[in-house]
Amino acid sequence: MSYFSSVFKPKLVSTMKGYTKQQFIKDVTAGVIVAIIALPLSIALAIASGVSPEKGIYTAIVAGFLVSTLGGSRVQIGGPTAAFMVIIYGIVLEYGVDGLMIATIMAGLMMILFGVLQLGTVIKYIPYTITTGFTSGIAVTIFSSQIKDFFGLNTGSLPADFIDKWKVYAKHITTIQPQVVIIGAVAMTILIVWPKVTKKIPGALIALIVTAAFVKIFGMDVPTIGSVYGELSSSLPRFIAPAVSYHKVIALIGPAFTIAFLGSVESLLSAVVADGMIGSKHRSNTELVAQGIANIGSALFGGIPATGAIARTVANIKNGGRTPIAGMVHSITLLLILVLFMPLAKMIPLTALAAVLLVVAYNMSEWREFVALLKAPKSDICVLLATFFMTVFFDLVVAIEIGIVLASLLFMKRMADVSEVKVRNMDSGMDAGEETDLPDTDTETNELPQTIIFKDVLIYEINGAFFFGAADKFLDAVSSVSSKTKILIIKLKHVPAMDATALHAFSRLVSMCK
């Protein structure tokens, strides 16, 4: 219990010391504003993930509340994010909603384990090229998934595969609906222009309200949430136990790990960004445990995977939120909206939601950073492009696996390249009788004397990490030892670390010398 308590220290407890009425008012204000921002995004992400609209709000309510209550960040806002959309869609398509629940619960357990094992600091060391690669890949995938709704294409259900999806679009290009495109264009224009007017009220909310009003007033033939999904439930989230089977658990280990990995990385990145804005320091392992509990809670109450949402967290900070109370208010506000106003959401045009997600895809594409990385060393470019294309053309599981393996191999090669083994024969560089600058030694202790005439002396000088990647250089150098070599000096002054493979190579040299 003492070990777990040392890992799990929710920020809510420490921030309540000296909590003031003025800060409470700021937290409530920030929480309400963030809830308004989260509402359209939660609905849009749920629909794009292949589940019913209310599941996105359930996620923001349940997971958002648990992340704020138990998390290691003062201002983190939890909920559904675009990063999960692709993996969720694939799981629902293949294993159904029950499969998604199982995968989310498994991911939650993995995240708790990450926290208990104190891997919070390790996860933050994922190479920037990998995170940029799969983030940009996800953005492209989100963009391609919204073409159908934005243009009103009559394609039926879309395949998960990127290329197959675009083949379907090309085949049904003649089914574009002009009225749908007009409403989508209106929504996109509002999303682009509104932030220049004011940032207090989110443009996404204005876009949805305006386009819904247009469709209703002018009786336009545009698909809406209600026409596609029917009446929306305004009931409270209810506990649901998934139908678990051994085969499903085994099949979903890969997707569950991807959810856990993505959730961990995104939540910790969000927490780091927040730290820089408020001058605080989050508790990474506590955050991972909280994220794990939040995902389990979300799945058991009808939600989807959740993580720390950077955009909503930043909005929370900019509106005065400084404690977890703001995140809790955000969840309670969404709960009230669900109960009181959810039926009105059926009027929202799907093309307007698609416009919201297209803007989200653009913002998360990080194309400027992507282009900048193309000027990096070739090894980094390889990792970036491999992760990007694997994300787009295959899936995130494969992309992350290959990205990490490739980055690790290239890192080891780079470290091996900078590790150096020099071999010097002192006879070739000194005249007979010349003295050295070696430290004072004592012959009685079987060490070199203070003044020595170097003849048939060989020096191995190793610079850099002496590990398995550089051991082959050492073994090649061993071949320089001959029967004429009477004294062998090995300089390890500039070796910061040595692994078992290097030690084995060293032992082989000692045995050969004997």
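Is the crossing of H10 and H18 right-handed or left-handed? It is right-handed. A crossing has this hand if the near helix is turned clockwise from the far one by less than a right angle, and is left-handed if anticlockwise. This is a predicted model, where local features need pLDDT of at least 70, side-chain atom pairs count only at pLDDT 80 or more, and totals for chains, interfaces and linings use all residues. Residues are numbered from 1 along each chain as its sequence is written, and side-chain values use heavy atoms, without hydrogens and water.

**View 1. Helices H10 and H18 cross at roughly 40 degrees.** H10 spans residues 178-197 and H18 spans residues 350-364. Their axes come within 8 Å.

**View 2. Residues of H10 meet residues of H18.** Contact means heavy atoms within 4.5 Å. H10 brings Val-180, Ile-183, Gly-184, Ala-187, Met-188 and Leu-191. H18 brings Thr-351, Ala-352, Ala-355, Val-356, Leu-358 and Val-359.

**View 3. Trp-166 and Tyr-169 form an edge-to-face aromatic pair.** Rings of Phe, Tyr and Trp (its six-membered ring) pair if their centres lie within 6.5 Å, and planes over 60 degrees apart count as edge-to-face. Here the centres are 5.2 Å apart, with 90 degrees between the planes. Both residues lie in helix H9 (residues 162-171), three residues apart, about one turn of the helix.

**View 4. Ring pairs link a cluster.** Its members are Phe-162, Trp-166, Tyr-169, Phe-370, Phe-388, Phe-389 and Phe-393.

Methods: Axes fitted to C-alpha atoms, helices over the stretch in contact; angles between N-to-C directions. Helix = DSSP H or I, 4+ residues; strand = E, 2+ residues; numbered from the N terminus. Phe/Tyr/Trp six-rings, centres within 6.5 Å; stacked < 30°, edge-to-face > 60°.
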